[in-house]
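Me: I have a chain open here that is new to me, and I would like to talk it through.

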Amino acid sequence: MTIDVLIVDDDELIRLGLRAIIDAQPDLRVVGEATDGAEVPPLVAKLRPRVVLMDVRMPAIDGIQATRRLLATSADPPKVLVVTTFANDEYVYDALRAGASGFLLKRARPAEVVEAVRVVAAGDSLLFPAAIRQLVGAYGGRSGDGLRSARLTEREGEVLRLMATGLSNTEIAVRLVVGVETVKTHVGNVLAKLGVRDRTQAVIAAYESGFVVPTG
C-alpha cells in the first residue's frame, strides 16, 4: 500500500528536497505541498494523506498550532512528523505534546527520511525513543499520580514501559513471550485508558506522570 505524504514547509528548497526523496520510493508518494500551517486542515480533508511532514517553525501558523488544529478538525487525522533544524528544541517537544508522532531533522539523510515516514505511518514502534526521553527530561516537568488514575493492569504497565524503550509490537511480543495480536490489544488498551492517539503521546504521558523516569 502506498503511503501518501503531505509536505508543509515555507522553504521551497526543503519542500523540493523532501519531495525528491519521497517520490523516489515505490511505496511513498507526495500528494501535496503547503507553505503554512493554516493550509493544512483543508488540504488533509481533500488529499487524505497518511503522513504530514510539518515544519515546526513557520511565519504565520507554526507546526505546533497546525498540529493542534489538524487533530481538532479531522475525524481521522494523519500521522504528523515534525521537521526541525534542532532536535533538542522546546518547539519540538511542544509539537509532540500537541499530537505529533515524531520528528525529523532537516539535515537527515534520505534513508533516514524514508525510514521515519514508514515508521510513523505504521505506528507500531516509537521513532527516536532516546531523543524523546531527552526532550521530556529537558522540558517535561514531571508531575502527576504515576498514571494510577488510568488503572492500567500490570501487563499493560509492562507493555507501556517497553514501549518507552522504543520496542516495536513484535519485539515486545518476543520479550513477553506472547503473540503480536495480544500486544496490539494491550497497546490499544493503554492508549484508550490514557486518552491519547498514539504511542508517542502515551510514552510522553508515562514520563510526565512519573510512571517511567527519563534517564541518560
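The chat below goes from the origin of the model to its overall form and its annotated parts.

Me: What kind of model is it?
Reply: It is a predicted model, in which local features need pLDDT of at least 70, side-chain atom pairs count only at pLDDT 80 or more, and totals for chains, interfaces and linings use all residues. Residues are numbered from 1 along each chain as its sequence is written, and side-chain values use heavy atoms, with hydrogens and water left out.

Me: How many helices and strands does the chain have?
Reply: The chain has 10 helices and five strands, counted as DSSP runs, with helices being H or I of at least four residues and strands being E of at least two.

Me: And what box do the C-alpha atoms fill?
Reply: Along the principal axes, the C-alpha atoms of the chain fill a box of roughly 50 × 35 × 35 Å.

Me: How much of the chain is buried?
Reply: Of the 216 residues, 51% are buried, meaning under 20% relative accessible area with a 1.4 Å probe, protein chains only.

Me: Switching topic, which domains does UniProt list?
Reply: An unreviewed UniProt entry lists "domain: Response regulatory" for residues 4-121, and "domain: HTH luxR-type", also marked as from an unreviewed entry, is listed for residues 145-210. Such annotations may be inferred rather than shown by experiment.

Me: What is the helix and strand content of those spans?
Reply: Residues 4-121 are 44% helix and 23% strand, with their end C-alpha atoms 9 Å apart. Residues 145-210 are 68% helix and 0% strand, and there the end C-alpha atoms are 7 Å apart.

Terms used. Buried < 20%, exposed > 50% of the residue type's maximum accessible area, 1.4 Å probe, protein only.
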